[in-house]
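Thanks for making the time this morning.

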Amino acid sequence: MVKLRLKRCGRKQRAVYRIVAIDARSRREGRDLRKVGFYDPINNQTHFNIPAILDFLDKGAQPTGTVHDISKKAGIFKELHLN
């Protein structure tokens with residue numbers, strides 16, 4: 001099963017996260033299938049590759065709770081329902 005989850009990057013006390021499509025059995029820093037977004041909680045910035053996210057969601061990928069909340073604020077699921 002494929003999940004959309006956060007992958008930690010950055011340095012100590014200054015974490016930024018990549019939103020990646022990854023196999024559910026792999027660890028947090030494991031090899032990802034594709035990078036589909038970026039999230040900076042300190043500056044509250046997000047960047048999404050919307051066609052890639054919608055493609056993975058159509059194929060049955062499940063977002064984690066945090067990724068779901070971030071995507072919901074950005075309006076990704078509205079675009080999913082429109083398609």
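Predicted model: local features only at pLDDT ≥ 70, side-chain atom pairs only at ≥ 80, totals over all residues.

The side chains of K59 and D55 meet in a salt bridge, with 3.3 Å from N to O, where a salt bridge means a side-chain nitrogen of Lys or Arg within 4 Å of a carboxyl oxygen of Asp or Glu. K59 is exposed at a relative accessible area of 63%, whereas D55 is partly exposed at 33%; buried here means under 20% relative accessible area, exposed means over 50%, and partly exposed lies in between, with a 1.4 Å probe and protein chains only.

Residues are numbered from 1 along each chain as its sequence is written, and side-chain values use heavy atoms, with hydrogens and water left out.

By this rule there are four salt bridges. One of them joins R14 to D40, whose closest N and O atoms are 3.4 Å apart, and because R14 lies in strand β2 and D40 in strand β3, the pair ties together parts that are 26 residues apart in sequence. R14 is partly exposed at 26%, but D40 is buried, with a relative accessible area of 3%. Another pairs D23 with R25 at 3.1 Å, N to O; D23 is partly exposed at 24% and R25 is exposed at 74%.

Now to the sheet. It is open, with five strands in the order β4-β3-β2-β1-β5 and mixed pairing, where strands (E, at least two residues) and helices (H or I, at least four) are DSSP runs numbered from the N terminus, and two strands pair if DSSP finds at least two bridges between them. The edge strands, β4 (45-48) and β5 (62-63), each pair on one side only. Strands β2 (residues 14-23) and β3 (residues 34-40) run antiparallel and are joined by five bridges, with R18 standing opposite F38 in β3.
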